[in-house]
Amino acid sequence: MEKKLTLIAPCHFGLESVLKREIQDLGYAIVRVEDGRVLFEGGPEAPARANVFLRTAERVMILAGEFDAVTYDELYEGTRRIPWEAYIPVNGRFWVKKASSVKSALFSPSDIQSIMKKAMVDRLKMRYNVSWFDEDGPAYPVRVAIRHDRVTVGLDTSGASLHKRGYRVSPVIAPVSETLAASLIDLTPWHGDRILVDPFCGSGTFPIEAAMKAARIAPGMKRAFDAESWQGTLPKRFWKEAREEAADRVIPGLETDIQGYDIDPRAIRACRDNARAAGVDSMIHFQVRDVQALSHPKKYGFIITNPPYGERIEDRETVPALYRALGRAYAGLDSWSLYVISSYPHVEQDIGRRADRNRKLYNGMLKTYFYQFQGPKPPRRRDDRPLTETERQRDRDGAGQRHTARDGKGGEK
């Protein structure tokens with residue numbers, strides 16, 4: 001019988017339910033859900049599959065141990081009891097990369113890190129019968145979170161955060177990470193057969209994440225993870241099998257109606273570069289366009305966007321006008337839904353209506369709200385059968401006014 005692992009997947013605060021559903025869709029059992037993280041159980045293949053497939057997790061860690069500690073002696077002893085030799089070989093490079101503490105007696109990250117490193121060294125010295133570690137092998141970073149004196153120790157399998165998909169090749173500042181964008185899209189009823197427009201697309205994160213989701217392109221297909229080089233702990237075949245599974249799931253040649261607009265030509269060039277790197281450039285139409293020109297001939301579309309917040313002093317005078325322009329454009333779109341993430345306090349006032357729902361979220365350290373202005377559901381077809389590809393194409397063409405700029409070469413239409 002294969003040994004089960006308990007894994008920790010951190011996420012953005014307030015979006016735990018989205019990650020929980022995604023983990024369950026992968027076929028894994030949830031152990032518990034806490035603020036900013038989901039713990040789940042899986043076989044030895046689970047770290048590889050979770051790293052490759054999860055869109056909304058920040059990283060994937062193996063739960064190495066949990067214990068209570070209110071003194072540094074208790075922290076040392078609890079850490080030393082963890083069977084580190086089951087994970088870290090004699091030449092492994094190991095350290096406590098990050099320590100966090102919330103409402104706990106132990107609160108100094110640097111002290112927590114040094115005490116835990118000492119305990120790990122002492123344990124491994126005894127187990128390997130050595131007095132010195134060269135630490136010239138694979139990396140085994142450890143992360144610890146102490147909440148209300150409960151210590152949770154995770155061995156990080158991901159390395160670089162999972163929001164680093166590898167497609168952001170152009171140097172445009174992105175105010176929304178890939179994992180946050182994917183989570184927000186998952187909070188909406190949008191799916192790949194529906195229209196999606198982002199009129200403040202910046203580096204293209206919302207349209208690109210939407211296109212990857214529609215085409216079932218796994219976010220970790222093309223990047224590397226620290227645990228791939230681990231010796232014996234997670235066999236390499238699991239990583240190969242996860243990528244093969246991901247490749248089998250991709251829907252090639254999928255046509256979508258996903259659009260991204262921005263008033264800055266440099267941003268649009270960056271969007272096209274990023275979409276090309278993600279392999280979805282043929283699925284998205286990017287265009288230099290002011291939000292005031294936002295329009296579409298079809299019904300039941302979605303706007304999902306991250307407008308400027310007015311955090312910068314130079315933006316504060318222009319931001320209200322942007323939200324008012326967005327509100328006017330939205331009012332002219334029949335049966336559409338609008339989803340806005342922002343820390344700007346007058347979103348509803350300037351858009352011109354109350355949101356049907358809003359949800360408090362953190363974009364980094366910044367408190368924001370996800371405003372949800374929900375349009376009506378499209379009518380159900382009488383025969384209640386799946387659309388054929390011909391019917392999908394006819395719906396996309398609408399009244400013959402479909403946007404056709406999908407040459408993938410960066411040319412504006």
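**Loops, helices and aromatic pairs in the predicted model**

At 70% relative accessibility, N129 counts as exposed (over 50% relative accessible area is exposed, under 20% buried and anything in between partly exposed, with a 1.4 Å probe and protein chains only). The model is predicted, and local features therefore need pLDDT of at least 70, side-chain atom pairs count only at pLDDT 80 or more, and totals for chains, interfaces and linings use all residues. Residues are numbered from 1 along each chain as its sequence is written, and side-chain values use heavy atoms, with hydrogens and water left out.

The protein contains eleven helices and 14 strands, which are DSSP runs numbered from the N terminus (helices H or I of at least four residues, strands E of at least two). Of its 413 residues, 52% count as buried. Among contacts between residues at least 6 apart in sequence, 76% join residues at least 24 apart, contact being taken as heavy atoms within 4.5 Å.

N129, with which this account opened, is placed in the loop between α4 (109-128) and β6 (139-147), and its phi is positive, at about 55 degrees, although N129 is not a glycine. A positive phi, near 70 degrees, is also found in D149, another residue other than glycine, which is placed in the loop between β6 and β7 (150-156). D149 counts as partly exposed, at 21% relative accessibility.

F13, in the loop between β1 (5-10) and α1 (16-25), is partly exposed with a relative accessible area of 43%. The C-alpha atoms of F13 and G36 are 4.5 Å apart in space, while the two residues are 23 residues apart in sequence; once neighbours within four places in sequence are left aside, F13 is in contact with D35, G36, L361 and Y362. G159, by contrast, is buried, with a relative accessible area of 6%, and is found in the loop between β7 and α5. Leaving aside neighbours within four places in sequence, G159 is in contact with R59 and D226, and its C-alpha lies 8.9 Å from that of Y140, a residue 19 residues away in sequence.

In helix α1, the buried residues are E16, V18, L19, E22 and I23. These residues cover an arc of only 160 degrees around the axis, which puts them on the same side of α1; the arc is that of the directions from the helix axis to the C-beta atoms. An α-helix has 3.6 residues a turn, so residues three or four places apart point the same way. The elements that cover the buried residues of α1 include β1, β2 (29-34), β3 (37-42), α2 (46-53) and α5 (178-186). Just after α1, G27 takes a positive phi of about 100 degrees.

Helix α5 also meets α6 (residues 205-214), the two axes coming within 9 Å and crossing at roughly 65 degrees (axes are lines fitted to C-alpha atoms, for helices over the stretch in contact, and angles run from 0 to 180 degrees between N-to-C directions). The crossing is right-handed, the near helix being turned clockwise from the far one by less than a right angle. From α5, the residues E178, A181, A182, L184, I185 and D186 meet T205, F206, E209, A210 and K213 of α6. Nine of the ten residues of α6 are buried, so this helix is largely enclosed by the rest of the structure; the buried residues are T205, F206, P207, I208, E209, A210, A211, M212 and A214. R216, which follows α6, has a positive phi near 60 degrees.

A search of the whole structure finds nine aromatic pairs, a pair being two rings of Phe, Tyr or Trp (its six-membered ring) with centres within 6.5 Å, stacked if the planes are under 30 degrees apart, edge-to-face if over 60 and tilted otherwise. One of them is formed by F302 and Y339, whose ring centres are 6.1 Å apart and whose planes lie at 10 degrees, so the pair is stacked. This pair links distant parts of the chain, with F302 in strand β11 (residues 302-305) and Y339 in strand β12 (residues 337-342), 37 residues apart. Both F302 and Y339 are buried, and together with F370 they form one aromatic cluster.

Charged side chains are also placed over aromatic rings (NZ of Lys or CZ of Arg within 6 Å of the ring centre and within 35 degrees of the ring normal). K117 lies over the face of F94, at 3.9 Å from the ring centre, and R249 lies over the face of F53, at 4.4 Å from the ring centre.
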